[in-house]
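Dear colleague,

Please find the structure below, handed over for your own study.

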Amino acid sequence: MLPYTTYQIPEPIKNQEPSGTGWLWMIFRGPLSDTERDLIHKISVALQADFDKDVCCLYTSEEAPLSLAELSKPAPKLVLSFGVPPSQTGLWIDLTKPGLITLEAFTYILTLSADALANNAGAKKELWMNMKLYLEST
C-alpha cells in the first residue's frame, strides 16, 4: 500500500457559527484572560476593526474542532489565528509557522497563541509587519 496522507476534517459545531457581519475572524485555543483580551482589543484597533461589530472570535479544542469552511457566511476578509495552524481549522494550506498567506477569498495570518504573544516582543513585531502587509493590500 502506498503511503497516502489522510486528513481529518472536523464536523461543524453549532456554537461556532460567526454572528453579525464580522470581517475579522480570530481563532483561539480556549478562553482568554483579561490581559490577553486587552492585547486582542489592541490588535483589532490596529487593524481598524471595531471589536464589537467587526470581530468574530472562534474557539477550538480537541473536543470541539473547528471547520472554517463549514461556517455560515459572510466570509471573512482576514482570519487571524492565535496558535492554531490552518490544518486544524479544515483549511489545507501550507502555513506551519507564523506568517501570512493571501488566499483568493481572504487573508490568513498565523501567529503565536495569545498568552505566548503577550510575552514575546519579536513575535509581536512579526505580527505587526504581517498586519501592515494586509492593511496595505486592502
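S113 is partly exposed because its relative accessible area is 26%; buried means under 20% relative accessible area, exposed over 50%, and partly exposed in between, with a 1.4 Å probe and protein chains only. This is a predicted model, in which local features need pLDDT of at least 70 and side-chain atom pairs count only at pLDDT 80 or more, while totals for chains, interfaces and linings use all residues. Residues are numbered from 1 along each chain as its sequence is written, and side-chain values use heavy atoms, with hydrogens and water left out.

S113 sits in the loop between β5 and α3 (114–118). The element names follow DSSP runs, numbered from the N terminus: helices are H or I with at least four residues, and strands are E with at least two. Not counting residues up to four places away in sequence, S113 touches F82 and G83, where contact means heavy atoms within 4.5 Å. S113 and E36 are 77 residues apart in sequence, yet their C-alpha atoms are 9.6 Å apart in space.

The overall plan

The protein has four helices and five strands. Read from the N terminus on, the order of the elements is β-α-α-β-β-β-β-α-α. Of its 138 residues, 40% count as buried. Among the contacts with a separation of 6 or more, 70% join residues 24 or more positions apart. The protein exposes about 8400 Å², and carbon and sulfur atoms supply 54% of that area; accessible areas come from the Shrake-Rupley method with a 1.4 Å probe, and for residues only the protein chains shown count as cover.

L24 belongs to strand β1 (residues 24–28). Is L24 buried or exposed? L24 is buried, because its relative accessible area is 0%. Leaving aside neighbours within four places in sequence, L24 is in contact with L47, A49, D54, V55, C56, L78 and L80. The C-alpha atoms of L24 and A75 are separated by 9.2 Å, although the two residues are 51 apart along the chain.

K53 is placed in helix α2. K53 counts as exposed, because its relative accessibility is 59%.

R37 lies in helix α1 (residues 34–46). With a relative accessible area of 31%, R37 is partly exposed. Apart from residues up to four places away in sequence, R37 touches L32 and Y59. R37 and D115 are 78 residues apart in sequence and 9.8 Å apart in space, C-alpha to C-alpha.

Q48 is found in the loop between α1 and α2 (51–54). Q48 has a phi near 60°, a positive value in a residue other than glycine. Q48 counts as exposed, at 66% relative accessibility.

The cysteines

A disulfide is a covalent bond between the sulfur atoms of two cysteines. Here a disulfide is counted as a pair of cysteine sulfur atoms within 2.5 Å, and the count comes to zero. C56 is buried, with a relative accessible area of 6%, whereas C57 counts as partly exposed at 24%.

The cavity

Rolling a probe the size of a water molecule over the atoms shows where empty space is left. On a 1 Å grid over the protein atoms alone, a cavity is a set of points where a 1.4 Å probe fits but cannot get out, and lining residues have an atom within 4 Å of a point. Grid points are joined across faces, edges and corners, and a volume is the space filled by probe spheres set on the points.

How many cavities of 30 Å³ or more are there? The count comes to one, and the largest cavity has a volume of about 50 Å³. Its lining consists of P98, G99, I109, L110, T111, L112, A123, E126, L127 and N130. The elements that give two or more residues to this lining are β5 (107–111) and α4 (121–137). The most comes from α4, with four residues. By class, the lining has six nonpolar, three polar and one charged residues; Ala, Val, Leu, Ile, Met, Phe, Trp, Tyr, Cys and Pro count as nonpolar, Asp, Glu, Lys and Arg as charged, and the others, Gly among them, as polar.

With kind regards

Methods:
On a 1 Å grid over the protein atoms alone, a cavity is a set of points where a 1.4 Å probe fits but cannot get out, and a pocket is an open set with protein on both sides within 12 Å along at least five of seven lines; lining residues have an atom within 4 Å of a point.
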